[in-house]
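Okay, thanks for coming, everyone.

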Amino acid sequence: MKQNGKVIKALLLVTQLGISMMVPIFLCVFAGNFIDGKAGTSFWLPVFLVLGIAAAFRNVYYLLKPFYAKDKEREDAELAYIERLKEEGRQQAAGKGSMEGDDSARRQRPERIAGEPADTETKER
């Protein structure tokens, strides 16, 4: 039953988006056409059409903003967690480097390991 509620909520959102996009566009086209007819010009219809499209996208933005608020909060929390992990890693790296001295040369892989051929390129061929 909970799944049906999500489907109905999604369908209502899609319907609301369609209506909130079409109404401003049609009203502005109607207003622009009406003004052009009364004034005897052909200038106002495109102006009002652009205003209607801008109003439609504004409506869609404000309708979808709360819909994605939870996703944004989760994403922000994940980014903060990643940044915290990076900072901890930097602190650990800085702490290890100063405590262990110059062990970095000993930890690097030597040029040749005992039992391994001296020229690894000839081994691959």
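So, to start: is aspartate 76 buried, partly exposed or exposed? With a relative accessible area of 37%, aspartate 76 is partly exposed, because buried means under 20%, exposed over 50%, and partly exposed in between, using a 1.4 Å probe and protein chains only.

Quick housekeeping. This is a predicted model, where local features need pLDDT of at least 70, side-chain atom pairs count only at pLDDT 80 or more, and totals for chains, interfaces and linings use all residues. Residues are numbered from 1 along each chain as its sequence is written, and side-chain values use heavy atoms, with hydrogens and water left out.

Back to aspartate 76: its salt bridge partner is lysine 72, with the closest N and O atoms 3.3 Å apart. By salt bridge I mean a side-chain nitrogen of Lys or Arg within 4 Å of a carboxyl oxygen of Asp or Glu. The two sit four residues apart in helix 3, so about one helical turn separates aspartate 76 and lysine 72. Helices here are DSSP runs (H or I, at least four residues), numbered from the N terminus.

Further along, arginine 90 pairs with glutamate 87 at 3.1 Å, N to O. They're three residues apart in helix 3, again about one turn. Searching the whole structure turns up five salt bridges.

Last stop, phenylalanine 30: this one is in helix 1, and at 58% relative accessibility it counts as exposed.
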